[in-house]
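Subject: Handover of a structure

Dear colleague,

I am handing over the structure below for your reference. My findings follow it, and I would be grateful if you read them alongside the model.

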Amino acid sequence: MPTDVQQTFWWTLAGTLALGWGVTTWRSLVRRKRRHERRARYLEGVRYLLDDKPDRALEVFLSLSEIDDETVDTHFALGSLYRRRGEVERAIRVHQHIVDRTSLSTDTRDAALTELARDYFRAGLYDRAEELFLSLAGSGREPALALSHLVRIYEIQHEWQQAADAHKRLRNVGVPEQPAAIAHFYCEMAEAAIAAQDYRRAIEHLDSATREQHDFGRSAILRGDLARRQGDPGLALQLYRSVIRRDFHLLALVLPRLADVAKQAGEPQQFDEALEELVRNGAGNPAEIAYAAIVSGYYDDPLILDCVREMLTIDSDLRDMTAAFLPSAAEPTREQLHAIAGALRNVVLRHARYRCSQCGLDSSTFLWHCPACHAWDTLRGVAALEFLPKAALPRSAA
Ligand SMILES: [Zn+2]
């Protein structure tokens, strides 16, 4: 190779290498500068957060065009903080900002979509939440979380069939928080069918409820109601008696039904027999039966009035109060016991008669579904009569 050509070759090579080195160095400097600027903006956002200026912090974080492993956690923490504070619109903006970044891993994107769906749920935007949770239930990394939210959405919207379907899918991938909820969904559908006089459909739903939950009090009550409508008081009697044997807390619901159906069946003695059986088996004592009768408004039966008498002997407060109106040392007559039960019912009606055993919510009516904590069948009778106005009671611990 001639000397000139050799020289040209080496110069060209050197120039190319120098250019390559220059470009690489320049790119590296630009990247470092951007990273530095991003970090400065990020720290500025953190400072705003620490100074309790969430609006300024939000603008700074949303202005970051790139999210890396370091800043994404802060975005998640910020979104979750906003949602906890009830500032759902801000939470949605933060989580949407993460979702819009295409450079993130599938896991991070799934996590952001889950948080966004939870924001929509919290904001009451159930259609959007449902759409996202449906997609996450099919392909997301946490299908159980998505399905449990779908169950809640369908419960809120009274879409009972969809709630049951989502509950079944949830059961296949995890443990539902409330395994008995699905039986209640079928009972809800049965109640609607009974109201529409579609008894065949109602029985199908009740059969589904029983398949899901054996010895289920609510479905047995509804099946008994159906039997009465269809002229089978004997079956209704049998079902109602089975309910109070198993679920004594449902006595106030069942008592008037039991009394009616025993008369309808021509076997009024079955009412007393059912109550005597409860006392004999230790399922409930006479005072508890009397209280359930007073709550239900059915206290005409002589046996119930005997239970009211027993309640007066057990409860010293009640005994002292009623003794003032009764002749001394005399046993109250049935008429007097009936009047006392009526007066107690008036007092009871002015107070909460049921309390949720999970969250403590007070309710004046029996509800299968607690509207506060969304638990099923957790309301229980409140046996104490609260005579003091609420303001006079000691404050309970927060
Ligand atoms: Zn509750």
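Domain bounds, as used here, come from an automatic or database domain assignment. On that basis, the chain is divided into domain 1 (34–173), domain 2 (178–282), domain 3 (285–350) and domain 4 (352–398). Please note that this is a predicted model, in which local features need pLDDT of at least 70, side-chain atom pairs count only at pLDDT 80 or more, and totals for chains, interfaces and linings use all residues. Residues are numbered from 1 along each chain as its sequence is written.

Helices (H or I, at least four residues) and strands (E, at least two) are DSSP runs, numbered from the N terminus. Axes are lines fitted to C-alpha atoms, for helices over the stretch in contact, and angles run from 0 to 180 degrees between N-to-C directions.

The first topic is a pair of helices. The axes of α5 (residues 106–123) and α6 (residues 126–139) come within 8 Å and cross at roughly 150°. The two helices are therefore roughly antiparallel (the term covers angles over 145 degrees). Their crossing is left-handed, meaning that the near helix is turned anticlockwise from the far one by less than a right angle. Residues are in contact if their C-beta atoms, placed from the backbone, lie within 7 Å. Among the residues that meet are Leu 113, Ala 117 and Phe 121 in α5, and Ala 129, Leu 132 and Leu 136 in α6. By class, this contact of α5 with α6 has 9 nonpolar, 1 polar and 2 charged residues (Ala, Val, Leu, Ile, Met, Phe, Trp, Tyr, Cys and Pro count as nonpolar, Asp, Glu, Lys and Arg as charged, and the others, Gly among them, as polar).

A second pair is formed by α10 (residues 199–212) and α11 (residues 217–229), whose axes are 10 Å apart at an angle of about 155°. That makes α10 roughly antiparallel to α11. The crossing of α10 and α11 is left-handed.

Turning to domain contacts, 8 residues of domain 2 are in contact with 7 residues of domain 4. On the domain 2 side, α9 (181–195) and α13 (251–264) each supply at least two residues.

Finally, there is an open sheet of 3 strands in the order β2-β1-β3, with antiparallel pairing (strands pair if DSSP finds at least two bridges between them). Its edge strands are β2 (362–363) and β3 (379–381). Strand β1 (residues 354–356) is joined to β2 by 2 bridges, and Tyr 354 has Ser 363 in β2 as its bridge partner.

With kind regards

Conventions:
Parallel < 35°, antiparallel > 145°, perpendicular 65-115°, else oblique. Contact = placed C-beta atoms within 7 Å.
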